[in-house]
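Dear colleague,

Please find below the structure that I promised to hand over.

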Amino acid sequence: MTRPHRPHLEPADDLTRAADVDISALLAPLIQQRCESPIVRPSIATDVAKLIDQSYPLGGDSLEQLVAQISDANRQYPRRNTHPGFFGWIAPSGLPSDPLAHAMVSVLNENLGGYWASPVGTTIEKTVIRWLADLVNFPAQSEGIFLSGGSMANMSGIASALAKRFGPEYRKKGLAAFSQSAKPVIICSQAAHFSIRRAAVMLGVGTDNIIPVDTDAEFRMRIDKLEEAIAENSNVVCVAATAGTTNTGAIDPLDDIAQLCATHNIWLHVDAAYGGGGLMSEQLRPRYRGIEKADSVTMDMHKWFYQSLGGSLLLYRDASSARQLFFENSDYLRASEEDTPEQYRFYDLAPELSRRFRALPFYMSLRCYGMETLGRNALHNVQCAEYLAELIRSEDDLELVVAPQLSILCYRFRPDGLDDDSIDHLNTAIRDQIQLEGDYLMSATQVQGRPVLRVCIMNHATRAEHIEGLLASVLRIGREKIQA
Ligand SMILES: Cc1ncc(COP(=O)(O)O)c(C=O)c1O
């Protein structure tokens, strides 16, 4: 047999050369910008587009040029979740250890599918999962998986609840087979995050079959209404409680909910995507009493655990339903019968197969700063929110609409003599002006149908002076506007 002649093969040599740059020198100015004002600057998409080279990429730009281009664009049109005056939505501040840790994730580039694909990564991910399961007080045999975010974690937890409710046949026959006698429903409070609704959509349950339970005066799920909902629905897939609602930071009465779920043999999923970080603080932990009785828990690392985007941990008290649902045996990834640590597969626990090494940044920050230091900071955030609430209560022109249960509160500028509609407009105008001035940012939301100023304190660099500065600006702008 004649050996084939080697054709003219032209490898792309550029791709095999190491990038010849000093990464930390390039990142330094970006890191320095993290706390600079303005937090955000109004922008028009076409103006931003002019700053980004969108011509066909022929190559030839140096990495230095590219960093300069992107940091310049970002300096002109920033959105700095990292700024200590950023009090909007639920956005992570990121930790100083993150840039290095995320660079390591890229360099290692392992796929966290399971032990065989990443022995060290799997060991680290399992270690972090154990630390966090201990915070929740979950049993030793509990398991978990890092996913892209809270939406994915909530959906995977609820998918496992379906598998538990309907057994092995569910995977084969689908939901329709179990909907004939009574519609499968998911119960949550009216204040639950919309990712629960989206899970219902994606899992084929449908939004009509979400039962939204009324909340009490503190926006927590009402137990009497939950009892009614359970009594009225014979096919309950799960109760999705929240530990730290998005709007007001309310923690549902988890212990009472868990007792009801146990009595009726219903899966309890706790969405602690935001609130989970508070568990790091020994002083805050009692507020979550009952979370240890959940079947699954979502905790976002990229929220109150201070990690840069992105990653969420989904914990299972008992992962057997998840395994029953997600287990696949393909020719190219033949699963071994052996149940040994070396055969461990994360991809049996959720829909994601290829996964980034999301646990590494958190492992590094926990080893570097310690769980107690991060927990002390979560407590500090809560104390800042409580201090802000006290300042609001002491001002005649301000009304505290929702007191903080964690690190979120809502209030209004409400001087005497103005009707509700004028107050609504005034508060919206104050929020916009604060944003324009650039040192602080609050997000908008509605409480009982009225716009409020919402503050979420989740940054490790926020200090009392930022809280005082925010309120001084609100009062100044509010008073200027009524005089104008
Ligand atoms: C309580 C709660 N659950 C779930 C989510 C969704 O998380 P993610 O944005 O990571 O998908 C959020 C987002 O803010 C949230 O506040």
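Helix H6, residues 150-166, provides the largest share of the shell around the ligand, namely three residues. Please keep in mind that the model is a predicted one. In total, 14 residues surround the ligand, and the closest of them are Gly149, Gly150, Ser151, His193 and Ala273. Sorted by class, the shell around the ligand holds nine polar, three nonpolar and two charged residues.

Turning to the overall fold, the protein contains 15 helices and twelve strands. Its radius of gyration is 25 Å, close to the 23 Å that the globule rule gives for 484 residues, so the protein is as compact as a globular protein of that length. The C-alpha trace spans about 95 × 65 × 40 Å along the principal axes of the protein. Of the 484 residues, 42% are buried. Among contacts between residues at least 6 apart in sequence, 74% join residues at least 24 apart.

The domain assignment of the protein gives domain 1, residues 102-369, and domain 2, residues 372-483. How far apart do the C-alpha centres of domain 1 and domain 2 lie? The distance between these centres is 32 Å. Where the domains touch, 20 residues of domain 1 are in contact with 17 residues of domain 2. On the side of domain 1 that touches domain 2, nine residues are polar, eight are nonpolar and three are charged.

With kind regards

How values were computed: Residues numbered from 1 in each chain as written. Predicted model: local features only at pLDDT ≥ 70, side-chain atom pairs only at ≥ 80, totals over all residues. Helix = DSSP H or I, 4+ residues; strand = E, 2+ residues; numbered from the N terminus. Rg over C-alpha atoms; globule rule 2.2 N^0.38 Å. Buried ≥ 20, exposed ≤ 12 C-beta atoms within 10 Å, placed from the backbone. Contact = placed C-beta atoms within 7 Å. Near = placed C-beta within 6 Å. Nonpolar A, V, L, I, M, F, W, Y, C, P; charged D, E, K, R; others polar. Domains from an automatic or database assignment.
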